[in-house]
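Have a look at the view below, and then read on.

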Amino acid sequence: MARKIGIYVCHCGSNIAGTIDVEEVARWAGATIDGVAVARDYKFMCSSLGQQMIEEDIRKKGLTGVVVAACSPHLHEKTFRRACEHAELNPYLCQMVNLREHCSWVCADKAAGTAKAKALVYAAAERVKQQVPLEPMEVQVNPATLVVGGGIAGLQATLELADAGYHVYLVEREPSIGGHMAQFDKTFPTLDCSACILTPKMSEAGQHANVTLLTYSELEEVSGSVGNFKVKVRKKARYVDETICTGCGICIEKCPRRVVDNGFEAGLGQRKAIYTPFPQAVPRIPVIDTAACIWFDRGKCRACEKLCPTNAIAFDQEDEIVELQVGNIVLATGWKLFDCHKLPQYGYGRLPNVYTNMEFERLCNAAGPTNGKIVLRDGKTEPKSVAVIHCVGSRDVRHNESCSAVCCMAALKFGHLVLEKTKAEVYSFYIDMRTYHKGYEEFFQRLLKEGMHFVRGKVAEVTDAARTPGEEGKLIVQVEDTLVGQQQRIAVDMVVLMGALEPQADAKELGLKCGISCSMQGWYTERHPKLDPVATMTDGVFVAGACQGPKDIPASVVQGAAAAARISGMIAKGHVMIEPIVASIQEDKCSGCKICNTMCPYNAIEFDEPAGVSRVISSMCKGCGTCVAACPAGAISGAHFNNAQIMAEIRGILWDAVPSGNGQAPGVPAAALNP
Amino acid sequence: MSHAAKTKGKLAIYWAASCGGCEISLLQIDAKILDLAAAFDLVMCPCIADGKVRDIEKMPDGAIDVCLFNGGVRTSEQEYMAKLLRRKSKVLVAFGSCASEGCIPGLANLNDRQSIFDTVYKEGSATAPENPADCRPQQATPVPEGTLHLPLFYDTLKTLGQTVAVDYYLPGCPPEAGNIWAAIAAIVEGKLPPRGAVLGLNTTVCDECKRKRSEKKIRKFHRTWQVIPDEETCLLEQGLLCCGIATRAGCGALCPQVNSPCIGCHGANEGVEDYGARLQSAVASVIDSSDPAEIEQIIADGIPDPVGTFYRFSLAGSLLRRKNKRASADGVGRG
Amino acid sequence: MSDPTFEPKIVGFCCNWCSYRAADLAGTARIKYAPNVRIIRLMCSGRVDPGFVLSALANGADGVLIAGCHPGECHYLSQNYKAMRRYHVLKHTLAALGLEPDRLRLVWASAAEGQQLAEAIDRLVEDIRKLGPLRWPANWEAEPCCQEAVESIAREHQEAMEVLP
């Protein structure tokens, strides 16, 4: 069939036309490239007029292939594929040329840019001549969802999906859901009691018919793809039988072993060896900490077992692997606190009355180790002055370059609580005041009125080395007040460090299990930072909340809801269309050498022993093409990225490189040579 | 083989830059040579029969029914004959690896005329003691009787397909007698694939090899003289660089049967443009290391001659065809 | 010997998820870099077939760039390791075929590293500019004397007796 290619060169306003002679490229393409039926340039190809132009040409001229030289395919590949579809040309007979991001925006010289543009257009034209119609594959979507992480983002996603009538498996590594929000005292800017707004959601999740809680559990393994994931979850042994335990708490009361609670109480309080992390824990089923338990340590005690009214203690319990089938996965694994020991100049761990932000939350919390009284480490002295230091470990090239998004507001919140609960003076040492969301700026103004003191400067050090009698017994904050241009030494009783939000230590590992990646700083990579913040590059895997980047509670809730909405839509539709970019093996060429099978990290290539050949399972193939390149027999071909297409692209892209004359490139049939 | 043919066809067999093995292999069709003789007049075969070039030149174009052309094209005489036989033949077969892909003579493409002649004729070579004046072959040498002509020796060996349009390719170094006979029969009976095709199977040697296969993870490549492989397991899995994975089947996996890794004489599989690319890709993909320095060591230790390993038979017919001419003696290219 | 007007023509194979997006990011950030690398988009660096590199060289490229995700961060988990191994093997073969090592380069760039990719491209272009044009197809251009030698055989035969043209 004769090839009739349409070539469309977009001006993109002046974005492309400013540095590339687009009219010349179109004219040249029509005059030079074989098989081009029409070559046009136009101001905005992605506009409806631009798309109509393509559709009309397809219908009127019977185009067999379309090349759109415009922006990056990551922006408009779908747009132009749809235009082709409208005109009843298979969408995979369309190829985009990246003339903007890869050409006009990065090249200052018009001649060089235009030459590069021509090469890229030639390449696409040659490629499109080799392209064949393809049909997307339909995959059924399992209506169950896996949510990893029971913090506010994960809870929101879970409840929205469950309320929509779909089943959710909520996996949480701690013994209770709730996440960091359960540790907070009040939330900004409303000063709502954190537990009061969180616990209703927690208990709803705990009781919802459509939710299966898997607490004290970890995601072990993921296989499959969107619509059809098989996951393995490790339920760690609690040593308590959850089917019998009533949550009465007698075991906790009677346990003789007390240890420092470095988890929920941030090291400020204590708990028993058998414990629930906090009173409103969901589920209320305790867990035995084998490192603390006397039985696991020296083989004695077992008081909990003796006293449990329902005989729910089970010292012989083992980890259990649960296998689940779900259609989609949401990662909502949150954040961990920066280790403030890493900034020794602030004295954390050395100077007793230096606290982290999480420690201070527990201090303020009415259910915390001091019943909500703000006191020093001695447990009784009220501070007369408190310093709050912003950006500890954030905005720091040595630790975390990013801003942690919430600390300025949390610092203001702490200031308010100090002013409310004590007679202390409270100082904020800040670089910038980032109070950007609804009600935040007003909260800042409120604290200004309440009498919080603000010093703009990055604190150089916190020391107990007094220089004057007035500084004796105090913590001195050494800082340059940059608005005044003067060094200050401010003596306080207590210092609160606003530690940075960091990715979880195993975030990357978990991401890789699900097939998603992290940024350089360790936050999960979203599909598009502006337009698609909860989807990832892997279909069926979503991210929500702080694990995607530091954010406050409203933003986490929004992302949890967004992920749920996406998944709900998919489930309602019942199926997803997967791009048909998959590998296939020509069985008569395959000799069964078994090299390809282990090339595939998704185990998508099975070996048929009786037939002695390998076969690709299309629904599991993600289309990377590695097996295509590896096959020594040339028996594997990759749809839409096959050898003929790429080789044609290479020849086109070097159209101006092969010297004219008798230097024939290989692949030219010998019949073309003079006999 | 149809004996109903009343008139005999014309058969030409020519050797260019080759070793003579193809003629020997042809003779291994044994008694079938009588059938061949019954069906064809042998108008030219420099190895085993009389036949003058002048007579070929006098024939009308297309007078020769089948020409089996073995050997690569690396002199002006060979090029002349390739073009002559193409004109005079209905069906031109690139017979064997040399004509198809260059084969061993093609490895001369790692050098050029100058360095080859230096090696052969210059002082220090085997010829040199009898060539104290460092005489070099001359294209024209006047003698009292007239002028003696020698062909021009090219820098680069070409395949037959790079010289003229080839109708069919018969792979192998040499092609197996059974496959030769099958090809001749197919030509005589007219049961042929479209022109330009390879007359052979379209899968690789593994298909014919009986060894047991599993996962391939190579931490060390062994040279053949370093290990005695076990006879049951895949040779590649034992660290020997068996090229069977990328080599067209049709030989019955003869070499692996005698505990020797395949060296690739049957050429690439159907539709493959560059044999060495396939082999390199597959071999590299199964190297069991993710550390660049370690990978380098595995390659340096186990594959000291990458061109000889990956392009032993196919260099001239590969995408790059030869070593960069502007490379210096130490192998590094100059601009 | 280097020609100051020489502009290398380099083919770059970029993976859809990381390096291609890095190039996009360099564009969005309007970072200016040498226009000599012409990018071909593949889904993964693991798709890079050594045959692609060879074809680029055989079609006149002065150099080839392969760019993928950082080791451990491949969108398809571990496929960039296969690209790495093939690159090392290919490097050895190409060195034996007289190709300067600097002409084939493997670069890792995450989707966030637009600046770094631009800089790597600038360095590659400079290195190849110093090496000069490769013009691999010139390696098999017939020497002018070949055609003459073939024709002279026809003439030699005509000089002898009993030959019809």
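Chain A is divided into domain 1 (5–134), domain 2 (336–502) and domain 3 (583–639), with bounds that come from an automatic or database domain assignment. Between the C-alpha centres of domain 2 of chain A and domain 3 of chain A there are 59 Å.

Some ground rules before the details. This is a predicted model, in which local features need pLDDT of at least 70 and side-chain atom pairs count only at pLDDT 80 or more, while totals for chains, interfaces and linings use all residues. Residues are numbered from 1 along each chain as its sequence is written, chains are lettered from A and ligands numbered from 1 in the order in which they are written, and side-chain values use heavy atoms, with hydrogens and water left out.

**Charged pairs**

How many salt bridges does a search of the whole structure find over all chains? The count is 67, where a salt bridge is a side-chain nitrogen of Lys or Arg within 4 Å of a carboxyl oxygen of Asp or Glu. Here are some of them:

| Salt bridge | N to O distance |
|---|---|
| E265(A) and R362(A) | 2.8 Å |
| K52(B) and D50(B) | 3.5 Å |
| R129(C) and E7(C) | 3.1 Å |

Helices (H or I, at least four residues) and strands (E, at least two) are DSSP runs, numbered from the N terminus. E265(A) is buried at 10% relative accessible area, and R362(A) is buried at 2%; buried means under 20%, exposed over 50% and partly exposed in between (1.4 Å probe, protein chains only).

In chain B, K52(B) is partly exposed at 47% relative accessibility, whereas D50(B) is exposed at 62%.

In chain C, R129(C) belongs to helix α4 (residues 114–131), and E7(C), 122 residues apart from R129(C), to the segment before β1 (10–15). E7(C) is partly exposed, with a relative accessible area of 42%. Shared partners also join E77(A), R81(A), E579(A) and R41(C) into one network of salt bridges.

**Cysteines**

Zero disulfides turn up over all chains, a disulfide being a pair of cysteine sulfur atoms within 2.5 Å. For C103(B), the nearest cysteine sulfur is that of C173(B), 3.5 Å away; C103(B) is buried at 1% relative accessibility.
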